[in-house]
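Hello,

Here is the structure for your files. My notes on ring pairs, salt bridges and surface charge follow below it.

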Amino acid sequence: MRDIFTVIKFTMKEMIKRKSFIISTLIILVLIVAGFNVPNIIKSFSGNETNGTQGKLLIVDSEGIFEGSLELLKQADFGYEIDVQNVTFEEIKEKIENEEIESALIIEPQENNIKIRYVVESTTMMESVPENIVNYISSMYTNMQISKLGLTEEQINSITPNFEFSLEQTDEEEASGNIFAIMLMSIVLFYAIYFCAYQVSSSITTEKTSKIIETLVTSTSPRTIVLGKTIGIGIVGLLQMIIIVGTALVSAKAFLDPELLNAVLDMSNITPYLGVVTIIYFILGYFAYALLYALTGSTVSKPEDIQSANTPVALLAVIGFYLSYFTMMNPTSELNLFASMFPISSPFCMPFRIMMGLASVTDVIVSIAILFVTILIIAKVTIRIYENAILNYGTKMSLKDIMRMYKNSK
């Protein structure tokens, strides 16, 4: 037991001291903070933020179609500072150039309809017609014309009823939760498991190249090395992800509009039970892929061969991720249930079945049991091959060589 703690400590120190680890972590943190500041940066460059509004909007009804009722728009909260004037297009252009207004709506009667022109200084990908104001104006005009017909209240209600919409499904199981938040968290979990596990392969191959592994093998057993390195890198990876997720949450709270944050990242379904289960799946998922990467790392002697050796495991991880990711589009399907049980995809899928209220306690226990048994099988195979392949300094071993080595180790 003492030896495994020694290997864990050694591995953690080596990971934390790496310049690549430090630089990549800092870059990720900077990108997260900058990413959550993008809306504020866009506002500062476009100059749209004026006393908490999106700017000054001038509405022109030179023909008096609305008979002065457009003044009511000044009292409504559309996110604009609204003014109503009768001015020409040239005067509008001059006001925009002098930054007296940001944009204007010109209302013009046509033969059978009403044309609304939206005038801005220049059109960009970020610029669009303020649909909320246009819809309000359209509704105002309709109500104004109906009132002129002298209809009773009942007749008016029959013409303009209130429609109520609801989304229902025929499946007995009903999914809940913000799908965007669920998919985002799935990506974060995949990143945490995949890239932390990948470091195991890189670490083993680097130590083979520097001959450090020879000292480790003479000091302790290969089983202790495999488990110690896997646990050590896993702890560092978990701490890194806690820092990254913590920074993202703090940045989101600090820089994003509260309404936007609640709409996009609805965390109402996150419970302590979900948190505990997610951590369990992170640990088990990490161990499954880390042990596979330990196997591939022990079969190569040069760092440049790591990428090709790791390709089968990488493909397995990507298949597992996409299997869980795309089944979220139809979370009540049998394929989604399969993805939550299948060991290569269950770490990415089951936490979010729980988040959507679709997984029972029995489903979770069965899924964890399958994943745990899979880890034991992978660990047994990995340690046997590792014992025989770790001191191999020849060319990269083929799958046939690995299978022969496993048979001989028995």
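**Aromatic pairs**

Tyr191 and Phe195 sit four residues apart in helix 7 (residues 179-209), about one turn of the helix. Helices (H or I, at least four residues) and strands (E, at least two) are DSSP runs, numbered from the N terminus. The model is predicted: local features need pLDDT of at least 70, side-chain atom pairs count only at pLDDT 80 or more, and totals for chains, interfaces and linings use all residues. Residues are numbered from 1 along each chain as its sequence is written, and side-chain values use heavy atoms, with hydrogens and water left out.

Across the whole structure, a search finds 18 aromatic pairs. The Tyr191 and Phe195 rings have centres 4.8 Å apart and planes at 40 degrees, so this pair is tilted. The rule: rings of Phe, Tyr and Trp (its six-membered ring) pair if their centres lie within 6.5 Å; planes under 30 degrees apart count as stacked, over 60 as edge-to-face and the rest as tilted.

Tyr191 is partly exposed, at 27% relative accessible area. Phe195 is partly exposed too, at 38%. (Buried means under 20% relative accessible area, exposed over 50%, partly exposed in between; 1.4 Å probe, protein chains only.)

Tyr198 and Tyr293 make an edge-to-face pair, because their planes stand at 75 degrees, with ring centres 5.6 Å apart. Tyr198 is in helix 7 and Tyr293 in helix 11 (residues 272-298), so the pair ties together parts 95 residues apart in sequence. Tyr293 is buried, with a relative accessible area of 0%.

Ring pairs also build a cluster, whose members include Phe190, Tyr194, Tyr289, Phe321 and Phe348.

**Salt bridges**

How many salt bridges does a search of the whole structure find? Six. The criterion is a side-chain nitrogen of Lys or Arg within 4 Å of a carboxyl oxygen of Asp or Glu.

Arg117 bridges to Glu108, with the closest N and O atoms 2.7 Å apart. Arg117 is partly exposed at 27%, and Glu108 is partly exposed at 23%. Shared partners join Glu71, Lys74 and Asp83 into one network. In it, the closest N and O atoms are 2.9 Å apart for Lys74 and Glu71, and 3.7 Å apart for Asp83 and Lys74.

**Surface charge**

Glu90, Glu91, Glu94, Glu97, Glu99 and Glu121 gather in a surface patch of negative charge. Patch members have over 30% relative accessible area and no salt bridge; like charges are joined within 9 Å, nonpolar side chains (Val, Leu, Ile, Met, Phe, Trp, Tyr) within 5 Å. Glu99 is in the loop between helix 4 (89-97) and strand 3 (103-109). Glu99 is exposed, at 71%.

Best wishes

Technical notes. Accessible areas come from the Shrake-Rupley method with a 1.4 Å probe; for residues, only the protein chains shown count as cover. Lys and Arg count as positive and Asp and Glu as negative; His and the chain ends are not counted. The place of a charge is taken as NZ of Lys, CZ of Arg, CG of Asp or CD of Glu.
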